[in-house]
Amino acid sequence: MRSQKAKHDPAKPIHRTLGIGTAILLLTRQITVGGVFISPGSFSLSLSGFFTGSGAEGRSDADQRLLDVIDFVTALLLIVNELQVIGTYITTGRFTIVVSGPLFGSEPVEGYTPTAREFARDFGSLVTSVIRPF
């Protein structure tokens, strides 16, 4: 019975969509890796950019190319689900999307329906208010 419930958990596709959406933002250069959070036994990447109210840019062409490669690899790892969105870090006027996963020493993230729905709703309203696709 438990495996059937986990199989039909509505949070899993929502959480997976957040990862794919974040990968798309990385690949379209709306966000980039802006920092690293280090914790005992693991680390996480902080992603920010125009979309989140801040961002990192390379100081030289070589720096920018290196950031582009890191962004591409991060997006690829999000697409193949080796990294997952684990949360956000919010400060005045901006926020960052935080990603981590087993590759970085942390446990895989399981979606929790109420939290995932709230985060997806907030993420969606932010996308429509910042990018205004319609």
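Reply: Let us begin with the surface. Helix H2 (11-27) and helix H3 (61-79) each supply at least two residues of the nonpolar patch; helices (H or I, at least four residues) and strands (E, at least two) are DSSP runs, numbered from the N terminus. The model is predicted: local features need pLDDT of at least 70, side-chain atom pairs count only at pLDDT 80 or more, and totals for chains, interfaces and linings use all residues. Residues are numbered from 1 along each chain as its sequence is written, and side-chain values use heavy atoms, with hydrogens and water left out.

Me: Which residues make the nonpolar surface patch?

Reply: Patches are made of residues with over 30% relative accessible area and no salt bridge; like charges are joined within 9 Å, nonpolar side chains (Val, Leu, Ile, Met, Phe, Trp, Tyr) within 5 Å. A salt bridge is a side-chain nitrogen of Lys or Arg within 4 Å of a carboxyl oxygen of Asp or Glu. Here Ile20, Ile24, Leu27, Val69, Phe72, Val73, Leu76, Ile79 and Val80 form a patch of about 770 Å², an area from the Shrake-Rupley method with a 1.4 Å probe. H3 gives the most, with five residues.

Me: Is Thr96 buried or exposed?

Reply: Buried means under 20% relative accessible area, exposed over 50%, partly exposed in between (1.4 Å probe, protein chains only). Thr96, in strand E4 (residues 94-100), has 5% relative accessibility and therefore counts as buried. By contrast, Leu27 of helix H2 is partly exposed, at 44%.

Me: With which side chain does the side chain of Thr96 make a polar contact?

Reply: A polar contact is a pair of N or O atoms within 3.5 Å; within protein, one must be able to donate a hydrogen and the other to accept it, and residues adjacent in sequence count only if both atoms are side-chain atoms. For Thr96 the partner is the side chain of Ser46, at 3.3 Å.

Me: How many aromatic pairs does a search of the whole structure find?

Reply: Rings of Phe, Tyr and Trp (its six-membered ring) pair if their centres lie within 6.5 Å; planes under 30 degrees apart count as stacked, over 60 as edge-to-face and the rest as tilted. The search finds two pairs. In one of them, the ring centres of Phe43 and Phe104 are 4.2 Å apart and the planes lie at 25°, so the pair is stacked. Phe43 belongs to strand E2 (residues 42-48) and Phe104 to the loop between E4 and helix H4 (113-130), 61 residues apart.
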